[in-house]
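The structure comes next, and the points follow.

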Amino acid sequence: MEVDHEKQEAPFLGFSENIIRERSAEIVSGGNVFYNPVQEFNRDLSIAVINVYFQRLVKERHERALKKQHTQQQPTETPPPVESQATYVAGTQYEDGLRILEALSATGLRSIRYAKEIAGVHTIVANDLSKQAVESIKANVQHNGVEHLVETSHADAMTVMYLSTPAAKRFDAVDLDPYGCPNRFLDGAIQCLVNGGLLLVTATDMAVLAGNMPEACFAKYGSVPLRMKCCHEMALRILLHCIETHANRYGKYVEPLLSISADFYVRIFLRVHVGQAQCKYSMSKQSMVYQCTGCETHTLQPLGIIRHSPSPENPQKVKFSIPTGPAVGSSCQHCGHKHHMGGPIWSAPIHNTDFVTDLLNAVRCEPLSACTTQRRIVGMLSMVLEELQDVPLYYTPDKLCCVLKLEIVPMLKLRSALLHAGYRVSYSHASKNSLKTDAPPAVLWDILRCWNKRHPVRAERMIEGTPLQAILAKPCSADYEFDKLHEAANPSSRKQALSRFQENPTPHWGPGTRATIMIGDNKMPKSYRNQNKKQRHKAAPEASEVELQLEEPTGAAKQPKLMSPA
Ligand SMILES: C[S@@+](CC[C@H](N)C(=O)[O-])C[C@H]1O[C@@H](n2cnc3c(N)ncnc32)[C@H](O)[C@@H]1O
Ligand SMILES: [Zn+2]
């Protein structure tokens, strides 16, 4: 697929002396083309997801075929066998295999790995806007012997996707892995996917998504972010909201399979289905978020509600309506301060636990168990399965205690207190220090009042008008149990010490790399590169945006820090 829109010849970089090896693939031609070794986790996970997605697809096809046979065949006929996943192997082309588009491919590494490690491929189109990148993809595809599966394309990703909207040309899976924000590619991706197709989206503009530039976030994603401790989950939910609104325009809706916040980016795996009727449910999957400017308590205000109103003619009948609100008073019921309002965000579950269970089983077995980042994938997925799926967003004990200037409650004590009081708790995969709970915020503050009795805040801190004074002035309504460890307080992933977070980030950790970062065929501005060098060891500098420091806080709560380019 060649769209010849580039007139001038960019120099072909040729083969570099360095060979990059990542699992099954070797990259022999890279030059100035983007390559980020830290994204190996992202690529490993994507390979696992696409493999399991294809297994599901085969099963769905099988069930459909059986159903068809059942309705058509005579009772005496024996049904012919329908192919199962076991017959598919990686590296071979299948007529009924997946048509995958890697819309922003850089060196082609991801596409080459998809060709070699995904069982049941028809074609992979590896596309890039940069001529250098495309030369590099061609050389790498040839070197790895996957020309029969990987087709190279030199075009704007949007052109490729819009030219692929006719039914016969659609893709089963589209992978968007851009620099920064993926928003401009979403419309085309939604339109060029088959019904039930898989969309894989990365966003690395975390400073925007995590609340440092609300005006930019609204312009890009149609949602106002809030600066919260749970900003990584908020980022996932903003991106999901954005993709859902794109899908709804075409009578489609999304089914999130897995939504991951990792290192310096978010990555979402979801299916896009056709269904006007299901689009009506979209309103009730989105919420506005109120955040108190004093104590940071968050409260969700759904945009829609669904009521089941069965009738004899239609037992499944539902009614869609608008909830009354606002969900908070004009000032915070806990501390009396005013609220900020953010959103809308996706407030329905962000993972499909059946899918994640299959995925976890798959990465524990050959061949996926052999991938380099397998331990981290197992840890991450185990944590995802432990998350309270019906509780959007989370608190952190350090921030809660910071508001009240209290000694920090150890996580297991706080979790035990909540569990003994009859509430559910979980971590979020997005933060080591997270606390998801179905306990109302009033209970959380009450528990901290109880903690204050044991570890009282210094008297001089009780200043009139502060959230601390307002919250601690109220009497504690119960004596919570902190000391008796609840059996569910320590989740299995933690007990087993599964590798759940990025360990020992490399010196070049972040969206940038040692090689020149390219934006299309243009080099990243020098000021960014210099800044990049200075900050490499610290956090995650972003190619085109200021970046958020993503380290987990230690000790008392810290606000996320911006690292602006010099
Ligand atoms: C982050 S890199 C992709 C990395 C790659 N997916 C991987 O796993 O190694 C982004 C790539 O997108 C390309 N690009 C930027 N804008 C594009 C556009 N509008 N259409 C196609 N490619 C584009 C850049 O040239 C760059 O190679
Ligand atoms: Zn408050």
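How many residues of domain 1 are in contact with how many residues of domain 2?

1. On the domain 1 side there are 6 residues in contact with 9 residues of domain 2, where a contact requires that the C-beta atoms of two residues, placed from the backbone, lie within 7 Å. The elements that supply two or more residues to this side of domain 1 are α8 (231-248) and β8 (252-262), helices (H or I, at least four residues) and strands (E, at least two) being DSSP runs numbered from the N terminus. By residue class, the domain 1 side divides into 2 nonpolar, 2 polar and 2 charged, with Ala, Val, Leu, Ile, Met, Phe, Trp, Tyr, Cys and Pro counted as nonpolar, Asp, Glu, Lys and Arg as charged, and the others, Gly among them, as polar.

2. On provenance, this is a predicted model, in which local features need pLDDT of at least 70 and side-chain atom pairs count only at pLDDT 80 or more, while totals for chains, interfaces and linings use all residues. Residues are numbered from 1 along each chain as its sequence is written, and chains are lettered from A and ligands numbered from 1 in the order in which they are written.

3. The chain is divided into domain 1 (20-73 + 87-283 + 348-361), domain 2 (394-490) and domain 3 (518-563), with bounds that come from an automatic or database domain assignment. Taken over C-alpha atoms, the centres of domain 1 and domain 2 are separated by 40 Å.

4. The secondary structure of the chain comes to 17 helices and 20 strands. Of its 566 residues, 48% count as buried, that is, with 20 or more other C-beta atoms within 10 Å of their own, C-beta atoms being placed from the backbone.

5. The shell around ligand 1 holds 22 residues, of which Leu104, Ala106, Leu129, Ala157 and Asp177 come nearest; a residue is near the ligand if its C-beta atom, placed from the backbone, lies within 6 Å of it. At least two residues of this shell are supplied by each of α2 (109-117) and β4 (121-128), and the shell divides into 11 nonpolar, 6 polar and 5 charged residues.

6. An open sheet of 3 strands runs in the order β11-β10-β14 with antiparallel pairing, where two strands pair if DSSP finds at least two bridges between them. Its edge strands are β11 (298-302) and β14 (339-346). Strand β10 (residues 286-292) pairs with β14 over 6 bridges, and Ser287 has Ile345 of β14 as its bridge partner.

Conventions. A residue is buried if 20 or more other C-beta atoms lie within 10 Å of its own, exposed if 12 or fewer, and partly exposed in between; C-beta atoms are placed from the backbone.
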